[in-house]
Amino acid sequence: MPEWLQRRYGTLTFRLTQVLSGHGCFGRYLCRIRREQTSGCHHCVGGDEDTALHTLQVCPAWDEQRRDLVAAVGADLSLPAVVKAMVGSADAWDAAASFCETVMSAKEAAEREREQSATLPSRQSRRRRRRVVHDDLQPP
């Protein structure tokens, strides 16, 4: 049986899944689904494309959180290396989950702030449409 199936620790959380899949509060993803005008990172000066790997490996905004992650999983922060470390150690799993929770929470809060201050329709929060019930269209 594969090692990852035999582990007795660690659960996938919402934010951990966002980082592992790249479907989260990342400029590239948000631009692709038309929630952002650009795929650039809002958290660093370089304007690099904001991806899960950028967030995990290089964005200087998350250096402090990354130090704790590197201490637990090692210097290689490629996704395969991080997943291998997570599967091999409860401490590495906890460190990765903690990094993802802290960083993604901060990125989501910043995105909400941008949405609230935006004047562009594509950046404003999307409101759900209420279903209108017309009594005259109901069956007898």
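**Close-up views of a predicted model**

**View 1. Surroundings of Thr55.** Leaving out residues up to four places away in sequence, Thr55 touches Phe26, Asp50, Trp62, Arg66, Phe99, Val103 and Lys107 (contact: heavy atoms within 4.5 Å). This is a predicted model, in which local features need pLDDT of at least 70 and side-chain atom pairs count only at pLDDT 80 or more, while totals for chains, interfaces and linings use all residues. Residues are numbered from 1 along each chain as its sequence is written, and side-chain values use heavy atoms, with hydrogens and water left out. Thr55 sits in helix 4, residues 52–57 (helices are DSSP runs of H or I, at least four residues, numbered from the N terminus). Thr55 is buried, at a relative accessible area of 1% (buried: under 20%; exposed: over 50%; partly exposed: in between; 1.4 Å probe, protein chains only).

**View 2. Lys107 with Asp50.** A salt bridge joins Lys107 to Asp50, with the closest N and O atoms 2.9 Å apart (salt bridge: a side-chain nitrogen of Lys or Arg within 4 Å of a carboxyl oxygen of Asp or Glu). Lys107 lies in helix 7 and Asp50 in the loop between helix 3 and helix 4, 57 residues apart. Lys107 is buried at 1% relative accessibility. Asp50 is buried at 3%. By the salt-bridge rule, the count comes to 7.

**View 3. Arg15 with Glu101.** The closest N and O atoms of this salt bridge between Arg15 and Glu101 are 2.7 Å apart. The pair links distant parts of the chain: Arg15 is in helix 2 and Glu101 in helix 7, 86 residues apart. Glu101 is partly exposed, at 34%. Arg15, Glu101 and Glu108 form a network of salt bridges.

**View 4. Glu115 with Arg35.** The side chains of Glu115 and Arg35 meet in a salt bridge of 1.9 Å, N to O. Glu115 belongs to helix 7, Arg35 to the loop between helix 3 and helix 4, 80 residues apart. Glu115 counts as buried at 9%.

**View 5. The largest pocket.** This pocket holds about 160 Å³ of space (pocket: an open set of points on a 1 Å grid over the protein atoms alone, where a 1.4 Å probe fits, with protein on both sides within 12 Å along at least five of seven lines; lining residues have an atom within 4 Å of a point). Its lining residues include Phe14, Tyr29, Arg35, Glu108 and Glu115. Helix 2 (14–21), helix 3 (27–32) and helix 7 (90–117) each give two or more residues to the lining. Helix 7 gives the largest share, 4 residues. The lining divides into 4 nonpolar, 2 polar and 5 charged residues.

Key:
Grid points are joined across faces, edges and corners, and a volume is the space filled by probe spheres set on the points. Ala, Val, Leu, Ile, Met, Phe, Trp, Tyr, Cys and Pro count as nonpolar, Asp, Glu, Lys and Arg as charged, and the others, Gly among them, as polar.
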